[in-house]
Amino acid sequence: MIIFTSICANYLHKARTLADSVKKHMPDATFIVCLVEREIREEFKYASFDRIVLAKDAWEGNFNRFIYKHTIVEASTAVKGQFFRYLFSSYPDENEFVYLDPDTYVYADFVELKEMLKSRPIVVCPHLLEPGNIDMELSSTAHGVYNLGFLAVNHSDEAKRFIDWWAERLYLFCYDDILKGVFTDQKWIDLAPCFFDVQICKHHGYDFATWSLMNCDMTVEDNIYKVHGDPLRFIHFSGYGKVIENCMNNWLPAGDHPFRDLYKAYSLEH
């Protein structure tokens, strides 16, 4: 399995923490950083990074002409489609390709995902798996039904067709412009199940995140964390800091809670 993240240098500390968690639970996975910078400095390198690849070196076309139009967040997301293409050509014998946002932490092997990718070309995770959080439902309609902090594909013709479509859209329209129906790389994927053979992952242990906290039913027994009975695979700590802390205060019951323990441990490590 190839796992990669896309960052500018300001997120290197988060990528290092993610890489350590991947190596701990999936030591056979190859972890690659797509770096949106001019050069790879010596201090950027890290033992858990199998490779660092500059986005411009994986780019098809004039990278400088493309990238200047984007903010730092837009830039880090705009390169993801073409970087998937680069990985397809660089690892022709690999069948499993996974993108994770840098503010993600892995807690167990992706056993269910590996099984899905044997037959399904594209796997996405919705922001929400349960109704009831109206604020987050409205946010999903604006920012995208599926969270692109995670995306998995296999090495099939259908997956390549999807990546080509997505990469072309990101080349033209990867902006934070909700009024025009665009939110970086993410909003485009609302259309993906209409055009391609997409598996919507409804396993509660994948892509657990800030927006998942309300009525989350997280438990722990014998050091195994579960969400609605599904074993926890990874958490996306989106909005780390005040956003997550406000959501914990508003949506979690008072007192001890497994997510509070995991958040504290992540804070100490990252």
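User: Which residue in the turn between strand 12 and strand 13 has a positive phi?

Analyst: This is a predicted model. Strand 12 and strand 13 form a hairpin, with two residues between them. In that turn, a positive phi of about 55° belongs to aspartate 222.

User: How many bridges join strand 12 to strand 13?

Analyst: Strand 12 covers residues 218-221, and strand 13 covers residues 224-227. The two run antiparallel. Methionine 218 stands opposite valine 227. The number of bridges joining the strands is four.

User: At what angle do helix 4 and helix 7 pack?

Analyst: Helix 4 spans residues 80-90, and helix 7 spans residues 157-172. Their axes lie 7 Å apart. Helix 4 passes helix 7 in a left-handed crossing. The packing angle is about 145°.

User: How many residues of the contact of helix 4 with helix 7 are nonpolar?

Analyst: Helix 4 brings residues including Phe84 and Phe88 to the contact. Helix 7 brings, among others, Ile163, Trp166 and Leu170. By class, two residues of the contact are polar and four are charged. The nonpolar ones number eight.

User: What is the volume of the largest pocket?

Analyst: The lining of this pocket has 34 residues. The volume of the largest pocket is about 830 Å³.

User: Which residues lie nearest the centre of the largest pocket?

Analyst: By class, the lining has 13 nonpolar, 16 polar and five charged residues. Nearest the centre lie Val73, Asp101, Asp103, His236 and Ser238.

Note on methods:
Residues are numbered from 1 along each chain as its sequence is written. This is a predicted model: local features need pLDDT of at least 70, side-chain atom pairs count only at pLDDT 80 or more; totals for chains, interfaces and linings use all residues. Side-chain values use heavy atoms; hydrogens and water are left out. Axes are lines fitted to C-alpha atoms, for helices over the stretch in contact, and angles run from 0 to 180 degrees between N-to-C directions. A crossing is left-handed if the near helix is turned anticlockwise from the far one by less than a right angle, and right-handed if clockwise. Contact means heavy atoms within 4.5 Å. Ala, Val, Leu, Ile, Met, Phe, Trp, Tyr, Cys and Pro count as nonpolar, Asp, Glu, Lys and Arg as charged, and the others, Gly among them, as polar. Two strands pair if DSSP finds at least two bridges between them. On a 1 Å grid over the protein atoms alone, a cavity is a set of points where a 1.4 Å probe fits but cannot get out, and a pocket is an open set with protein on both sides within 12 Å along at least five of seven lines; lining residues have an atom within 4 Å of a point. Grid points are joined across faces, edges and corners, and a volume is the space filled by probe spheres set on the points.
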